[in-house]
Amino acid sequence: MSKPTSTSDHLDADDAAMLLLTAGISKAYQRLDYMIVRNFIGGALVSVGGLVTLLVKGGCDGLSESNPAVVQLLLGLVFPVGLVMSTLTGGELSTGNVLFLSIALLQRKVPLWRSVYCFLVSFFANLAGSLFYLVIAHYGHILSEDPYLTGTIVFANDKVLVPSASTVFVRAVGCNWLICIGVYTAFLSRTVVSRVISIWIPIFTFVAVGFENSVANMFLVPIGMINGAPISVGLFIWKSLLLSTLGNMVGGGFFVALVYWYLYVFPADGAKDEIDMGNESILPITEPSTVAPITQIGNRSVPLSDSMESFNRRNRKFRLMSHDANSVSPTDASRSGANSDTDEKAE
């Protein structure tokens, strides 16, 4: 089903959902070394945002007592820098991969075992990248003096010791709901600026309200532990990693992946023929996989590596046809119609 070319700066929600499906298949079948490197870099870059967050938090100690809401807003403003850098440069996070892999799994393009395998690789590569950047921050003595050192301890305690287990889980659900909405809206965008804004808004929101992100906790809590927070390794794994990861999976997998798969991908199975890219091509999602999995476009099964190329080729052809049709004047059209009638009578 062809659609007229749009001059807006965003895709339709159903087109973006189909791109999420294509990206999910690509991520699931990418090479293992690519998967590890991308997720390692993703974890490290998110830790950059965590480091800036701790600097702001520690430096606003007096303001935290007099006006804590202002501090939370400031933390929300600075934390997304790492996630934006990760997204624009091809980094991956286990929190976002919940969305991609769940849609591909729901559409039966990726088996369950591969979805679990890819998520586990993503999770532990994120953890490795976060801990690597923690070493840089620690031995760089960025947070080694007060008020920043005490700030890291207070921040870690507030993450692990203060909230109950159920509170951590519920906050994690709300967190990845917003993160995956940010990923989805980023796929609606055609330009870098609109993509950055699309990511920034939901990330700013979840940080400002105090939700739990399992990948962010991989940096924020251990650096507090190194600086003296009374948190055991077991408690960190249970509360900051396991519970927050389970909540993130529910928030992203159920409230985003399942909902928008049901609304846009499931009804379009076998009926979607074209994604209109407009006058600007979509920003790159990931490098092509060496494996060419099969994806469904319309009633045809085509290799995933050819799907985006075929989308662009059909879209260019459609625009040329539309241009030719618009360049014909009404007089020419009527003359052509008259000539056709004469030819039919002659026959």
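N248 is part of helix 12, which covers residues 233-265. The model described here is predicted. Across the whole structure, a search finds three salt bridges.

**N248 and its surroundings**
- N248 has a relative accessible area of 2% and is buried, because buried means under 20%.
- A polar atom of the N248 side chain lies 2.8 Å from the backbone oxygen of A172.
- Leaving aside residues up to four places away in sequence, N248 touches T95, V98, A172, V173, C175, N176, E212, N213, S214 and G253.

**Salt bridge K159 to E212**
- K159 and E212 form a salt bridge, with 3.7 Å between the closest N and O atoms.
- This pair links distant parts of the chain, 53 residues apart: K159 is in helix 8 (residues 148-160), and E212 is in the loop between helix 10 (192-209) and helix 11 (214-226).
- K159 is buried at a relative accessible area of 13%, and E212 is buried at 2%.
- E212 is also among the residues that N248 touches.

**Salt bridge E92 to K27**
- The side chains of E92 and K27 meet in a salt bridge, at 3.2 Å from N to O.
- E92 sits in the loop between helix 5 (80-88) and helix 6 (94-106), while K27 belongs to helix 1 (residues 13-28); the pair links distant parts of the chain, 65 residues apart.
- E92 is buried, with a relative accessible area of 3%, and K27 is buried, with 8%.

**Salt bridge R31 to D33**
- R31 forms a salt bridge with D33, and their closest N and O atoms are 2.5 Å apart.
- R31 is partly exposed at 32% relative accessibility, and D33 is partly exposed at 35%.

Key: Residues are numbered from 1 along each chain as its sequence is written. This is a predicted model: local features need pLDDT of at least 70, side-chain atom pairs count only at pLDDT 80 or more; totals for chains, interfaces and linings use all residues. Side-chain values use heavy atoms; hydrogens and water are left out. Helices (H or I, at least four residues) and strands (E, at least two) are DSSP runs, numbered from the N terminus. Buried means under 20% relative accessible area, exposed over 50%, partly exposed in between (1.4 Å probe, protein chains only). A polar contact is a pair of N or O atoms within 3.5 Å; within protein, one must be able to donate a hydrogen and the other to accept it, and residues adjacent in sequence count only if both atoms are side-chain atoms. Contact means heavy atoms within 4.5 Å. A salt bridge is a side-chain nitrogen of Lys or Arg within 4 Å of a carboxyl oxygen of Asp or Glu.
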